[in-house]
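My notes follow in the order I took them.

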Amino acid sequence: MLSYATYPDTLAVPLDLSRSHTTSTPMDTSSTLKPAEVAVALVEQAVAKHNTRLDKTFFKAVLAGVMLSFGGLLDLIITGGSPGLTASNPGIVRVLGGFVFPVGLVMIVLQGFDLLTSNLMIFPMAVLKGAIPWWSIPVNWIVVFFGNLVGSLFFAAILSKYDGLMVSDPYASYIRTFAISKAITPQWHQIFLRGIGCNWLVCIAVWQGLGAKETYSKIIAIWFPIWIFVACGFDHVVANMFSLPLSIMLHSELTTDLYIRKSLIASLIGNIIGGLFVGLPAVYFYLGDWHAGGMRDAEEARIERKTSDPGSSEKTA
């Protein structure tokens, strides 16, 4: 409603009196979600993935394997291409290689692809809260596992070997030596324990990335935990799906049978436990009285549409 105020020797000035009766809603200006909000968002993400068609899940997992292998290839180029520095200061080389590897997970998170190691955390969380049925865990894990494997093997064969990038020294000899130190020399229980440490850090990275609200913050939040796990030499089951099969293709001492029995199974079980070390405390700390509600039937695309609709009153991820 407009009214006019008249002052001596001046024109009438319109006043908007309706503004005096409105109350402004405080805006959330924080750059991160609270831990409880992140925990809820992770469960809702699992619900959306559960309701996504399996063919979409599989091909998202294939692309996730490719994206992670891009980071793995860059890591191998730096570490394998520095034999002199490796001989004099191996720690620096591992730090440098670890620094570039996180680009793979950043691309996966920003594009919304499916990586097995993060699903090892979020699906048990959703099952514990009754948001999805128990059988969703083996179904999703199996589909995503083989999707990641297909993408990693494709990248190793086509974009690392047959294009000639890694077939000559110093890279080829480094990859053969890498396979020995990664999968032959360590004992089974050592690879298993390294798998726990690996996915503990990976799931922390996923947690922090989801908690950040804008792209630069997401990248930084993801980068450091992944940098730590690679530099320390922990075992990531999907990252190994690229590097160790590539060493087999380049005729290392590692065989397919030994890779599956020793590295693949040990790192997978360790990664499962590492994911639970992040997911289960989150359920205990933050989700004691939370229920899935209207999110039970939501798909990923539906969540995105609701989130982008300013008129929607439903709580969304």
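This is a predicted model: local features need pLDDT of at least 70, side-chain atom pairs count only at pLDDT 80 or more; totals for chains, interfaces and linings use all residues.

From α9 I have Cys198, Leu201, Val202, Ile204, Ala205, Gln208, Gly209 and Leu210. On the α10 side they meet Lys218, Ala221, Ile222, Pro225, Ile226, Ile228 and Phe229. I sorted the residues of this contact by class and got 12 nonpolar, 2 polar and 1 charged.

I then asked which helices the buried residues of α5 pack against. I found α9 (188-211) and α10 (215-232) again, together with α2 (54-80). Helix α5 itself covers residues 103-111, and its buried residues are Gly104, Leu105, Val106 and Ile108. I also checked what comes just after α5: Gly112 has a positive phi of about 75 degrees there.

Last, I took values for the whole protein. I counted 13 helices and 2 strands. Of the 317 residues, 45% are buried. For contacts between residues at least 6 apart in sequence, I found that 78% join residues at least 24 apart. I computed an accessible surface of about 15,900 Å², with 66% of that area belonging to carbon and sulfur atoms.

Definitions and conventions
Residues are numbered from 1 along each chain as its sequence is written. Side-chain values use heavy atoms; hydrogens and water are left out. Buried means under 20% relative accessible area, exposed over 50%, partly exposed in between (1.4 Å probe, protein chains only). Helices (H or I, at least four residues) and strands (E, at least two) are DSSP runs, numbered from the N terminus. Contact means heavy atoms within 4.5 Å. Accessible areas come from the Shrake-Rupley method with a 1.4 Å probe; for residues, only the protein chains shown count as cover. Ala, Val, Leu, Ile, Met, Phe, Trp, Tyr, Cys and Pro count as nonpolar, Asp, Glu, Lys and Arg as charged, and the others, Gly among them, as polar.
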